[in-house]
Amino acid sequence: MNCTAAALLTPQSVSSRPLTVSPPHVVNGDVIYGGATDTHPWKRRPQPAAGVQELRWFHENLAQLAGYENRWVALLGQQIVAYGGSIEEVHGELHRRGIYDALVVLVPADVERREYFIG
Amino acid sequence: MITLSFDEEWPYANGSHTITVPIRVENLPYWVPAILDTGASVTYLDNALLPHLHIADVRAGPSIPVTVANGEQGTAFLHSLRIEVFNRQLSIQAAFCPDWPPGTKNLLGMRGFFEQILVAFDHGIRRLYYTIPARPLVWASSASGPELPV
């Protein structure tokens with residue numbers, strides 16, 4: 001899909017202040033900065049939509065997570081596949097069961113409260 | 001008039017006015033939610049992720065002073081990480097604040113994230129559009145500088 005938007009910006013509206021520019025090193029379309037020091041191989045998983053369905057379900061069905069307040073839960077599809085008091089517990093369970101595309105979220109203390117984020 | 005082109009469309013409908021997207025940090029075997037936050041100067045990640053990110057000492061990274069919306073101040077530490085988002089892989093510098101509790105929301109902020117991805121919102125129809133522009137990116141090499149709002 002190619003989407004186009006237009007903005008009423010002019011070159012004159014952009015600051016001419018000098019900026020520090022470090023040309024990135026590009027490998028396979030990924031931008032790698034010199035400051036990135038971790039060079040171990042990235043294990044890419046061909047799941048472009050992973051987490052999306054789960055995130056939507058989480059936001060739209062939070063009340064169904066009553067009983068899991070203040071706990072970390074791992075969602076896969078519309079199912080809770082692991083939960084625990086810490087993210088380490090959930091991580092361990094997912095690793096043990098070989099589940100790699102769950103969404104891990106902390107269930108808020110009040111699942112009935114409609115929250116507006118200010119940050 | 002300047003015309004911006006975008007490669008991808010991303011529908012979102014989470015019932016709120018916050019745009020949250022799933023991200024994978026490094027090779028963690030799960031996704032976590034992160035808020036697209038143009039009001040955050042830096043990308044901030046939850047301390048709960050630290051034990052599995054090979055970061056033994058969070059304070060070993062460059063420190064930056066941060067201020068949250070209510071004026072509370074703290075110190076965050078920057079670490080270079082890779083994230084996967086929108087089916088893209090990015091190397092970013094993310095801030096961790098060890099004094100904040102586990103479960104603090106992940107924020108994809110201006111430094112590290114929005115300087116790499118061109119994003120437009122059409123919140124009226126709950127769509128965003130994004131692309132990675134093919135141009136050199138602006139990146140301040142020093143962690144020092146003015147206090148950063150998160």
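Student: Why is B:Arg82 called buried?

Tutor: Buried means under 20% relative accessible area, exposed means over 50%, and partly exposed is in between (1.4 Å probe, protein chains only). B:Arg82 has a relative accessible area of 14%, so it counts as buried. Keep in mind that this is a predicted model, where local features need pLDDT of at least 70, side-chain atom pairs count only at pLDDT 80 or more, and totals for chains, interfaces and linings use all residues. Side-chain values use heavy atoms, with hydrogens and water left out, residues are numbered from 1 along each chain as its sequence is written, and chains are lettered from A and ligands numbered from 1 in the order in which they are written.

Student: What makes B:Glu26 and B:Arg82 a salt bridge?

Tutor: The rule asks for a side-chain nitrogen of Lys or Arg within 4 Å of a carboxyl oxygen of Asp or Glu. Here the closest N and O atoms are 3.4 Å apart, and the pair qualifies. B:Glu26 sits in the loop between S3 and S4 of chain B and B:Arg82 in strand S7 (residues 73–85) of chain B, so the pair ties together parts that are 56 residues apart in sequence. Helices (H or I, at least four residues) and strands (E, at least two) are DSSP runs, numbered from the N terminus. B:Glu26 is buried as well, at 2% relative accessibility.

Student: How many salt bridges are there over all chains?

Tutor: The count comes to 6. Another one joins the side chains of B:Asp99 and B:Arg59, at 3.6 Å from N to O. B:Asp99 lies in the loop between strand S8 (88–96) and S9 of chain B, and B:Arg59 in the loop between strand S5 (43–44) and strand S6 (63–67) of chain B, so parts 40 residues apart in sequence are tied together.

Student: What separates A:Arg56 and A:Glu60 in helix H1 of chain A?

Tutor: They are 4 residues apart in that helix, which means about one helical turn. Their side chains meet in a salt bridge, 3.0 Å from N to O. A:Arg56 has a relative accessible area of 45%, so it is partly exposed, and A:Glu60 is partly exposed at 44%.

Student: Where is A:Phe58 found, and which residues does A:Phe58 touch?

Tutor: A:Phe58 belongs to helix H1 (residues 52–60) of chain A. A:Phe58 counts as buried, because its relative accessibility is 9%. Contact means heavy atoms within 4.5 Å. Not counting residues up to four places away in sequence, A:Phe58 touches A:Leu65, A:Leu75, A:Val105, A:Leu106 and A:Pro108.

Student: What makes a group of residues a nonpolar core?

Tutor: The members are buried Ala, Val, Leu, Ile, Met, Phe, Trp, Tyr and Cys residues, joined through side-chain atoms within 4.5 Å. The largest nonpolar core has 43 residues, and those with the most contacts inside it are A:Leu94, B:Phe86 and B:Phe113. Apart from it lies another core, of 13 residues, including A:Leu62 and A:Leu103. In soluble globular proteins, nonpolar side chains tend to be buried together.

Student: Why is strand S4 of chain B described as largely enclosed?

Tutor: S4 (residues 30–36) of chain B has 7 residues and 6 of them are buried, so the strand is largely enclosed by the rest of the structure.

Student: How do you know that S3(B) and S4(B) pair?

Tutor: Two strands pair if DSSP finds at least two bridges between them. Strand S3 (residues 20–25) of chain B is joined to S4(B) by 4 bridges, running antiparallel. One of the facing pairs is B:Val21 with B:Ala34. The two strands form a hairpin with 4 residues between them, and B:Glu26 in the turn has a positive phi of about 50°.

Student: Which strand of chain A is joined to S4(B)?

Tutor: Strand S6 (residues 102–106) of chain A is joined to S4(B) by 2 bridges, and the two run parallel. A:Leu103 stands opposite B:Trp31 there. S4(B) also pairs in the parallel sense with strand S9 (residues 106–108) of chain B, over 3 bridges.

Student: What makes S2 and S10 of chain B edge strands?

Tutor: Their sheet is open, with 3 antiparallel strands in the order S2-S11-S10 (chain B). Strand S2 (8–11) and strand S10 (118–122) each have a single partner strand, so one side of each is left without a neighbour in the sheet.
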